[in-house]
Amino acid sequence: MKWFNLNLPSPAENLAGDEVLLDNCEAGHGEETLLFWEPRETFVVVGYANKVATEVNVAVCEAKRIPIFRRCSGGGTVVQMPGGLNYALILRITEDSPTRNITSANHFIMEKNRAAIESLADQFKIQNSKFKISVRGHTDLCLGDLKFAGNSQRRRKNFLLFHGTLLLDCDLSLVSELLQIPSLQPDYRASRSHTEFVTNLNLPAEKVKAALVAAWNADEELKNPPLKEISKLAREKYSTREWNFKFP
């Protein structure tokens, strides 16, 4: 598997990167890949089917000039901000592998990611380390019952995209400020507010990336990412109001 750090200048480009890599693999022009990017600014990202007004405090975002984007996968709305780490896996789908269906892929990927983070717990004394690192809901990673990572999946015929955001050293007060209470919640949330529900992992991004690279045997850096295609998709889709407010 290949890996690389994306970290392009704009949120739209970083969001477009995930979709371009998936599409390239599906078209036979790529291979399984693990990529990372870290937000340089604060912005909101809704899931593909989310209604913006239902999930986002739009008035606050507008007053603070915080942009709202939409990603190509499902799941809930997130606040992207400095101190977060995004990763994306592009994996092949085969009938005899754990990626063969949504449920199996979720379990397979989340367990690998959980083990990777757990491998760092003793070394870095994760905050609330007395709590076990676990998978909750379908695709949440938690310390005890506090969420530090959410994930989502998009499937094509031959490849899937599985991506997520890890809270490492974020200003978590922004989550309650910028987001409404989500319209869909996992049972374990138990109607808690954002402040009561999320936590930071308090680990260095480089160490988390290294642990995920090792877990996925991503032993070769991708030298020529499709930057032109990413820029084009960012410009034509992820920067447009038509896409980002597809479901207002």
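Analyst: In helix α4, the residues Lys112, Asn113, Ala116 and Ile117 meet Val208, Ala211, Leu212 and Ala215 of helix α8, where contact means heavy atoms within 4.5 Å. By class, this contact of α4 with α8 comprises six nonpolar, one polar and one charged residues; Ala, Val, Leu, Ile, Met, Phe, Trp, Tyr, Cys and Pro count as nonpolar, Asp, Glu, Lys and Arg as charged, and the others, Gly among them, as polar. The model is predicted: local features need pLDDT of at least 70, side-chain atom pairs count only at pLDDT 80 or more, and totals for chains, interfaces and linings use all residues. Residues are numbered from 1 along each chain as its sequence is written, and side-chain values use heavy atoms, with hydrogens and water left out.

Helix α4 spans residues 102–118 and helix α8 residues 205–215, helices being DSSP runs of H or I with at least four residues, numbered from the N terminus. The two pack at an angle of about 130°, and their axes lie 9 Å apart; axes are lines fitted to C-alpha atoms over the stretch in contact, and angles run from 0 to 180 degrees between N-to-C directions. That angle makes α4 oblique to α8, since angles under 35 degrees count as roughly parallel, over 145 as roughly antiparallel, 65 to 115 as roughly perpendicular and the rest as oblique. The crossing of α4 and α8 is right-handed, the near helix being turned clockwise from the far one by less than a right angle.
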